Amino acid sequence: QVQLVESGGGLVQPGGSLRLSCAGSGSIFSINAMGWYRQAPGNQRELVATITNGGSTNYADSVKGRFAISRDNAKNTVYLQMNSLKPEDTAVYYCRFIIKVSRNSPDYQYWGQGTQVTISS
């Protein structure tokens with residue numbers, strides 16, 4: 001079993017900052033890619049940012065220059081530093097890992113439980 005536990009969400013004013021964390025535990029042999037997604041009420045879940053095991057990153061246009069994704073391989077943890085937050089960033093944020101449970105296993109995806117981020121004055 002693999003578990004992803006998120007933390008760091010909350011309520012902040014526009015222009016503020018938050019840092020999300022997502023730690024993986026359990027039967028993890030390797031993590032190929034990590035990512036953050038978000039879902040606002042009435043909307044589909046959308047990609048926010050991803051990072052590969054080599055450190056290559058990808059961002060949604062709406063967050064480029066404001067958000068930064070990073071990972072700590074030793075801790076099986078991915079972070080999302082969010083700056084200059086806007087009301088339209090309000091959503092539930094989910095982390096996603098693409099992992100192998102053994103050297104020859106296929107890739108599996110796992111999702112975190114979600115953490116609420118609310119930007120409001």
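**Reading strands and a disulfide in a predicted model**

Colleague: Which residue of β8 stands opposite S21?

Modeller: S21 faces Y79 in β8. Bear in mind that this is a predicted model. Next to that pair, R19 has Q81 as its bridge partner in β8.

Colleague: In what sense do β3 and β8 pair, and over how many bridges?

Modeller: Pairing is read from bridges: at least two are needed between two strands. Here β3, residues 18–26, and β8, residues 77–82, are joined by six bridges in the antiparallel sense.

Colleague: How many bridges join β1 to β3?

Modeller: Again six, and β1 and β3 run antiparallel. One of the facing pairs is V5 with A23 of β3.

Colleague: What is the strand order of the open four-stranded sheet?

Modeller: The order is β1-β3-β8-β7, and the pairing is antiparallel. From one strand to the next, the twist averages 15 degrees.

Colleague: How many disulfides does the structure hold?

Modeller: In general, a disulfide is a covalent bond between the sulfur atoms of two cysteines. This structure holds one. C22 is joined to C95, with an S to S distance of 2.0 Å; the cut-off for such a pair is 2.5 Å.

Colleague: Why is the disulfide of C22 and C95 called right-handed?

Modeller: Because the torsion about its S-S bond is about 50 degrees. The pair also ties together parts that are 73 residues apart in sequence, because C22 sits in β3 and C95 in β9, residues 91–100.

Colleague: Are C22 and C95 buried or exposed?

Modeller: The test is relative accessible area, with under 20% counted as buried. Both C22 and C95 are buried. Over the chain, 40% of the 121 residues count as buried.

Colleague: How many helices and strands does the chain have?

Modeller: Zero helices and eleven strands. A related reading is how far apart in sequence the contacting residues lie. Of the contacts with a separation of 6 or more, 56% are between residues 24 or more positions apart.

Colleague: What radius of gyration would a compact globule of 121 residues have?

Modeller: It would be near 14 Å; the chain has 14 Å, so the two agree. The extents are a separate reading: along the principal axes, the C-alpha trace spans about 50 × 25 × 25 Å.

Colleague: What does the accessible surface of the chain come to?

Modeller: About 6,300 Å², with 45% of that belonging to carbon and sulfur atoms.

Note on methods
Residues numbered from 1 in each chain as written. Predicted model: local features only at pLDDT ≥ 70, side-chain atom pairs only at ≥ 80, totals over all residues. Heavy atoms only, no water. Helix = DSSP H or I, 4+ residues; strand = E, 2+ residues; numbered from the N terminus. Axes fitted to C-alpha atoms, helices over the stretch in contact; angles between N-to-C directions. Buried < 20%, exposed > 50% of the residue type's maximum accessible area, 1.4 Å probe, protein only. Rg over C-alpha atoms; globule rule 2.2 N^0.38 Å. Contact = heavy atoms within 4.5 Å. Areas by Shrake-Rupley, 256 points an atom, 1.4 Å probe, with all protein chains shown as cover.
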